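Subject: Model for you to look at

Hello,

Here is the structure I promised to pass on. Please open it alongside this note.

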Amino acid sequence: MKSRLPVIVAFLAGVLMIVAFFGRGAVVDRVAEEALAWQTIVAGFALLLGVGSIVRVHWHRLATGHPDRIYSLVLLICLTVMGGSGVLFGIGSGTLFDSLFERIQAPMMSTMFSVLAFFIASAAYRAFRARNVLSAILLLTAVIVMLGRIPMGQYIYHALPDWANWIMMVPSVAVQRGIIIGAALGAASMALRVILGIERTYLGQGG
Amino acid sequence: MPELFSHPFFTLLPTAFFTLAIFSFLYRDNPFFKFAEHVFAGLSAGYYCGLIFQSVINQQVWIPLTQDERWLVLVPAALGVLMFARFVPKIGWMMRLPLAFVIGSTAGIMFIQQLHGMVLPQVGRTILPLDSVENVLLVIGVLSTLIYFYFSKPHTGPLGWVASVGIAFVMVAFGAHFGYTVMARVSLLIGRIQFLLIDWLHLAS
Amino acid sequence: MDRIQSVDRRVLYTLIFISVIIPVMWPLHLPTPETPEARAFFDAVEAIPPGSVVLFPFDFWPSTLPETEPMAVAGLRHCFRRDLKVVGLSNVGIGGPSVADRLLDSIGAEYGKVYGVDYVNLGYKAGYQAVLLGMANSIAAIFPTDHRGTRLDSLPLMQRALNYDSLSFVLIVSDNAMADYWVALVNARYGLPMVAGVTAVMAPKMLSYIHTGQIKGLLGGMKGAAEYEALLGESDMASRGMDAQSLIHLLIIGFIILGNIGYVASRRRPSPARAG
């Protein structure tokens, strides 16, 4: 029951979506439309599960005297202020929620990802070696594209932008297409396994 | 004096502080970075709380329920609340029901999406007249890439030759992808430096 | 020669910082060469009849704002300049609806546009594909209200924009798989024409969709945004950043060459066993 019922629910939900694609009946369309709306609501609640886990972990750190408990306190205070302001005063422009996002959260997120520029440069210096013909091809293509895509490239050699365009539109598209087809077939077969109940890892232990 | 504090240097000081705190990690891990990291995690979790409360609970459940008397929204709302059964060991298994609903319907959508929206158009556009170098290279490139990534048979004999052609194409594509990845990462850094020099310190226009 | 391969990473980081700071302080204003896909993006939006309703997904995280915000700003300016009506939404939880609100209001104000009449921000709903498919028959079924909690049936624009049949175009700005979902679900099933502005990491894959005609045009990264700004006759955030992009690319190529010189030199040097 604990494993069988969810598998049946997954099967019915999956089959409904597939039938809705082919079926043009009013009943099927109406049921599918309602199911899609329900899915957005349930998925929204699912996002809050992660918040619950974070609170549990950091509350435990506070309670047990973890060495980094001061940072856990900072996290919980920020969570409370941000969440509380959103719930009580709204999330639109001009609210405290929006100000905290625009002035602190978004810039920090941008900065965290901008640090990757240093890491990729360091990796290029340390690991990008032309050890054989294939890696030399990779290196050469990367250099042509990097030069062809910058304004200075056309001044280094006039044909670099055209070479970069050709590389992107012919060999690169060919490989990307092969990868898209392969990945799509894999994803479709995985989806079928979930619908048919063969794949049950989402049920967790005992599933 | 109050006018001085309305200068962008002061109004953007919190933003600049957290930006520099994150950058300080490049030197080494330090308390400023840890503080900024935990502020970020707390704000992110709090963002989801405010967002889901307003977007889902208020706009998708409460308003239709109270203004349009759509009682049916109580069903997905109940399923959503059932997700939290996970935190109660005795009834924890019940969270599988809403999870199965979401994953099952997503799987159904994905099945059609991948075949109808990805495979068919891409395969269709690979069936090209072999009347130009570009078309020949495209067809060879797609087929040899698919064969290179087919690992259920050893790459020997004719299959091995085609796979060798495939890996050459793959190296070209990955080189191009590396170039674009560098471009992407560098752009993010440029954005932050522009904020620090132009918006905060007004050292450039 | 060993020292060439073992330069301290903090020296590299310092050089990178300098190579960004210099062009930001003293810009070169070099023109960005145009790509065919960026021109196609511009032409596709230019061809939309004035007064049409355009769906504008702000499907990007705050982490990629330097690449995606210039595209979104230029896209909104283009739409409002052509008197297109914009329905904004976001499938990205953190930041999407907030950024959409800020950009729609600020760019809308530049062109004297009125909220509810010329543009609307539907906000965010969870579920990705379910949102895209659910809007096909009824946008109100997924978004009973807009981002601010106002009922859709009280907004004049949303009395026109009921479902995909009432929309003319989709102008996607995205930094994640949502771009694939829009193409594979909405364009494939409902035939809604679309263009996409994506981060540079995603651009190589998205070019396949140009080839199949599933999207009509593509902007790739900050460069794509700079090209679009140039086509609109502007020079804004992205155009300013391209000088720094040039210098850093040259620096990284220099790093690669330096690393390979050290590698070749270390391979040519006889090993102690051979020498002995």
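First, the conventions. This is a predicted model, in which local features need pLDDT of at least 70 and side-chain atom pairs count only at pLDDT 80 or more, while totals for chains, interfaces and linings use all residues. Residues are numbered from 1 along each chain as its sequence is written, chains are lettered from A and ligands numbered from 1 in the order in which they are written, and side-chain values use heavy atoms, with hydrogens and water left out.

Chain B with chain A

Here 105 residues of chain B are in contact (heavy atoms within 4.5 Å) with 108 residues of chain A. The buried area is about 9700 Å². That is the accessible area, for a 1.4 Å probe, that two parts lose on being put together, summed over both. Carbon and sulfur atoms give 82% of it.

How many salt bridges cross between chain B and chain A? The rule finds 1. It asks for a side-chain nitrogen of Lys or Arg within 4 Å of a carboxyl oxygen of Asp or Glu. Arg70(B) and Glu34(A) form this salt bridge through their side chains, at 3.2 Å from N to O.

Helices are DSSP runs (H or I, at least four residues), numbered from the N terminus. α3(B) has the largest share, 27 residues. By class, the side of chain B that touches chain A has 70 nonpolar, 26 polar and 9 charged residues. Nonpolar means Ala, Val, Leu, Ile, Met, Phe, Trp, Tyr, Cys and Pro; charged means Asp, Glu, Lys and Arg; the others, Gly among them, are polar.

Chain B with chain C

This contact takes 48 residues from chain B and 58 from chain C. About 4700 Å² is buried, 68% of it from carbon and sulfur atoms. There is 1 salt bridge. It joins the side chains of Arg151(C) and Asp68(B), 3.0 Å from N to O. α7(B) gives the most, 18 residues. The classes are 29 nonpolar, 16 polar and 3 charged.

Pockets

A pocket is an open set of points on a 1 Å grid over the protein atoms alone, where a 1.4 Å probe fits, with protein on both sides within 12 Å along at least five of seven lines; lining residues have an atom within 4 Å of a point. The largest pocket holds about 710 Å³, a volume being the space filled by probe spheres set on the points. Its lining has 23 residues, with Arg192(B), Phe195(B), Asp199(B), Glu69(C) and Arg102(C) nearest the centre. That lining has 10 nonpolar, 5 polar and 8 charged residues.

The second largest pocket has about 320 Å³. Of its 15 lining residues, Ala20(A), Asp29(A), Asn137(C), Arg189(C) and Tyr190(C) lie nearest its centre. α2(A) supplies the largest share, 4 residues.

Best wishes

Technical notes. Helices (H or I, at least four residues) and strands (E, at least two) are DSSP runs, numbered from the N terminus.
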